[in-house]
Amino acid sequence: MNKFLKRFFLFSILWVGMTMALILIANFRVTSYPFKNNQTESNLLVLKEQAHYNFLVMGISHGRNLSRNTHHQKFEQVFNARMMNLSQGESLGGLENQLLYLRYFFHKNNKADTLLFVLSPSLMYNDETDQSDIAFYREPLKMSFVRHLIHYGGDRKWWQLLFYIKSKLGHHWWTTKPLDKKDNMLTLSGIDTMEMQKGFALAYPRGLNLKIFQSRCQVLDRLIREALSQNTAVTMVIPPAVFGQWPGHKETIAFLNKYGGKVKVLDHANAIVNPAFYSDHHHLNTMGVSEYLVQLEREIKEK
Amino acid sequence: MLFNTFEYLVFFVVFFAVYWAIPAKYLYGQNLFLLLASYIFYGWWDWRFLSLIMLTTVTSFYAGKWMSSNPGQRKWALWLTLSINFGILIYFKYAAFFVSSFTASLAVLGIDINLHLVKLLLPVGISFYTFQSLSYVIDVYRGKLPASRNLVEFAAFVSFFPQLVAGPIERAGNLLPQIQRSRTFNNLQAEEGLRLILWGLVKKMLVADNCAPVVEQIFSAHQTMDSPALWFGAVLFAFQIYCDFSAYSEIAMGSGKLLGIELMQNFNYPYFAKDIKEFWKKWHISLTTWFKDYVFLPMGGSRGSKTQTIRNVAVVFLLSGLWHGANLTFVVWGIYHALLYLVFVFMVDKMKFRLPPFAAMLFTFFSVLPGWVYFRSGDLSQAFSYFSGMFQQPDDWHLPLLDVKVTGGLLTLLIAEWWNRNRLFGLDLSCKVPMPLRWTLYGLLMLLILIYGSFNEVSFIYFNF
């Protein structure tokens with residue numbers, strides 16, 4: 001048996017060692033690119049240490065959209081400010097994950113004057129994306145983030161960690177490089193009710209579940225308190241959609257209003273209703289983003 | 001506790017260490033520990049069902065003892081044990097099906113009756129351990145096997161955890177003597193066990209579980225799909241079920257080898273069979289031989305008239321279908337295979353014409369596909385609808401997009417199994433292959449599982465049976 005065990009352990013050590021080496025090579029290859037916020041959907045590839053930003057944008061795809069294509073530069077031009085975007089699109093984002101990123105942002109001694117949280121009401125009714133095992137597949141492997149995930153992660157943190165590490169071996173990671181910066185010229189031709197219903201079914205997998213809403217309120221509360229404790233002003237924005245209000249809109253606004261003057265609330269659900277400004281039912285195209293940023297900047301100043 | 005989980009890994013490592021730490025001379029202690037671990041393994045799903053396996057064990061054990069010491073009353077003991085074991089199986093697995101079929105038949109005749117039946121949870125692996133215990137009782141009755149004198153040994157045989165919930169359905173003649181004698185650790189056997197486990201995990205996590213979502217997508221939306229996509233779905237399901245089920249058997253065999261116990265081969269590359277008769281010699285061998293030995297041959301097998309042979313074949317396939325579950329889709333699956341088998345035996349096999357080997361393999365593979373459509377469908381109407389869709393003129397020739405995981409998994413499977421088709425399993429490497437090459441291959445397969453394997457802890461399909 002000793003011979004068997006020795007060979008087994010020798011093989012295991014060799015395999016783990018070579019796998020880790022592969023992961024590190026893949027990781028080094030990607031991290032050696034000079035990524036900018038608009039050139040990647042990854043947050044850790046662009047997150048620095050001891051940096052100061054005027055705006056920290058967070059949320060799901062609607063927040064990420066403010067940095068996609070050429071939008072990041074447009075934002076910084078319109079606001080005449082420096083912005084960091086830590087939103088997570090592609091159905092990977094959730095409030096728990098956003099809280100994790102926010103804590104990591106501060107943990108790295110970064111500062112932000114204002115947290116601009118793009119709060120899509122579907123976030124308040126969906127706890128599944130928080131537990132997505134592949135939530136961090138786009139992130140480079142950083143030991144400090146591994147420790148952070150182990151310390152602050154939720155129920156699925158060990159699975160998230162496994163997928164986070166093993167994702168560095170995947171084809172997608174080996175081919176990761178800075179994205180091209182082009183305008184999003186896609187235009188929504190009209191409102192397709194069937195398509196909208198499909199979208200709602202995905203965004204609200206358990207409908208307007210009150211229990212989920214309450215648990216999400218608690219997470220959002222922790223997130224707001226975390227930002228305020230770091231002397232970061234908090235502005236919550238309900239993003240525009242061609243159909244106007246998302247299900248659960250009123251409840252979300254009612255919750256946010258409880259914070260009174262501590263949190264600015266900008267309800268932009270109906271801000272842009274022209275389909276020509278959208279690439280789908282709730283994502284603005286470049287023309288829409290340009291239009292919207294002006295309005296957003298004006299209202300933030302006014303408030 | 002699924003084989004493809006960390007839970008099982010921890011369980012097995014701890015078990016392995018303690019099991020071999022018990023000196024071989026304390027066989028009773030080793031078997032007692034094996035029994036305890038098997039009950040923990042089984043109770044992990046639902047501890048309440050332990051009472052059923054214990055009842056089956058105790059009745060079969062004492063029936064064997066009774067038959068041995070009272071030869072004149074063997075028949076009574078046999079019938080009593082069969083009644084109890086089949087009674088449990090029928091109650092938990094088929095009662096609702098038979099009652100609903102009965103009331104539906106009466107409704108056709110205009111008689112409405114309301115029979116309320118509690119919907120019961122199906123105890124995991126009940127069909128497997130019931131058949132395993134029955135084989136023991138029947139063999140003792142026939143005088144082929146001496147009755148076991150030790151309840152712990154016998155209980156360890158019935159509940160041997162690697163094959164408890166999805167087979168292979170072991171024969172007492174093979175497994176019980178191995179439990180009754182002391183076991184010594186064998187390096188070569190253990191290494192082969194690890195290879196079997198690795199190959200099982202490749203089939204389960206890389207092929208079966210990656211095919212599963214595509215199959216689900218096609219079967220659930222089959223009404224909106226064109227015939228090429230439906231054929232494609234059926235082909236994928238054929239590979240999914242083969243990989244899922246044979247993976248379980250191979251992991252069971254591998255786990256057994258690590259414990260010094262040899263389990264029977266359950267699959268022998270069935271999709272490389274050149275005719276349906278050969279297919280049934282290669283698919284789910286433990287169940288097929290069970291039915292052959294305990295149903296087909298006692299009924300006369302193929303020695304009687306043509307009509308008797310047809311009847312015997314039909315009964316075996318019908319029972320085989322029903323064994324899988326209380327659903328008419330399984331019954332139709334059984335009837336379909338009976339027809340295929342009979343047509344082959346009485347017509348095709350008698351013709352002088354033979355297809356070239358590769359064409360014969362393809363023909364056999366595609367002839368079992370319609371059966372898989374019934375097997376996979378939730379009910380008969382879905383199966384009919386899917387099946388008719390397969391033969392309609394397509395508007396769209398596009399196939400659902402296959403990702404690298406599914407294509408890569410299938411290619412790995414086919415290349416390895418074709419290469420090793422005359423050996424025990426797809427990763428059955430000869431010692432002549434140099435160690436660095438073997439280790440590189442194992443490492444690559446493990447990397448493939450890590451990168452492309454499904455880690456969703458998908459249950460094995462045959463747990464439902």
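## The contact between chain B and chain A

In this predicted model, chain B and chain A meet in a contact that draws 22 residues from chain B and 18 residues from chain A. The size of an interface is often given as the accessible area lost when the parts come together. For chain B and chain A the buried area is about 1900 Å², and carbon and sulfur atoms give 77% of that figure. On the side of chain B, the residues that lose the most area to chain A are W439(B), L450(B) and F455(B), which together make up 31% of what that side buries.

Polar links are also found here, with four residue pairs in polar contact between chain B and chain A, both residues of each pair being at pLDDT 80 or more. The elements of chain B that give two or more residues to the side touching chain A are α1 (6-21), α8 (187-220) and α17 (435-452). Of this side, the largest share comes from α17(B), which supplies 10 residues. Sorted by class, the side of chain B that touches chain A holds 16 nonpolar, three polar and three charged residues. Across the interface of chain B and chain A there is one salt bridge, and R7(A) forms a salt bridge with E191(B) in which the closest N and O atoms are 3.1 Å apart.

## Two domains within chain B

The domain assignment divides chain B into domain 1, covering 6-184, and domain 2, covering 188-274 + 355-452. The C-alpha centres of domain 1 of chain B and domain 2 of chain B lie 29 Å apart, and the contact between these domains takes 23 residues from domain 1 and 14 residues from domain 2.

Between them, domain 1 of chain B and domain 2 of chain B bury about 1500 Å², with 69% of this area on carbon and sulfur atoms. On the side of domain 1 of chain B, P162(B), P168(B) and Q178(B) supply 30% of the area buried against domain 2 of chain B, more than any other three residues.

## Salt bridges in chain A

Over all chains, the count of salt bridges comes to 24. Among them is the pair of K74(A) and D183(A), whose closest N and O atoms are 3.8 Å apart. This pair links distant parts of the chain, since K74(A) lies in helix α3 (residues 71-79) of chain A and D183(A) in the loop between α7 (171-174) and α8 (193-203) of chain A, 109 residues apart. K74(A) is partly exposed, with a relative accessible area of 22%, and D183(A) also counts as partly exposed, at 38% relative accessibility.

Another salt bridge joins the side chains of R103(A) and E226(A), at 3.4 Å from N to O. Here too the pair links distant parts of the chain, with R103(A) in helix α4 (residues 95-107) of chain A and E226(A) in helix α9 (residues 210-229) of chain A, 123 residues apart. E226(A) counts as buried because its relative accessibility is 18%, and the cut-off for buried is under 20%.

R216(A) forms a salt bridge with D130(A), with the closest N and O atoms 2.1 Å apart. R216(A) lies in helix α9 of chain A and D130(A) in the loop between β3 (111-118) and α5 (143-152) of chain A, so this pair ties together parts that are 86 residues apart in sequence. Both R216(A) and D130(A) are buried, and salt bridges that share partners join E96(A), D130(A), R216(A) and R222(A) into one network.

## A residue in helix α13 of chain B

V332(B) lies in helix α13 (residues 328-346) of chain B and is partly exposed, with a relative accessible area of 24%. Leaving aside its neighbours within four places in sequence, V332(B) is in contact with Y374(B) and L380(B).

Note on methods:
Residues numbered from 1 in each chain as written. Chains lettered and ligands numbered in written order. Predicted model: local features only at pLDDT ≥ 70, side-chain atom pairs only at ≥ 80, totals over all residues. Heavy atoms only, no water. Contact = heavy atoms within 4.5 Å. Buried area = accessible area lost by both parts, 1.4 Å probe. Salt bridge = Lys/Arg side-chain N within 4 Å of Asp/Glu carboxyl O. Polar contact = N/O pair within 3.5 Å; in protein donor to acceptor, adjacent residues only side chain to side chain. Helix = DSSP H or I, 4+ residues; strand = E, 2+ residues; numbered from the N terminus. Nonpolar A, V, L, I, M, F, W, Y, C, P; charged D, E, K, R; others polar. Buried < 20%, exposed > 50% of the residue type's maximum accessible area, 1.4 Å probe, protein only. Domains from an automatic or database assignment.
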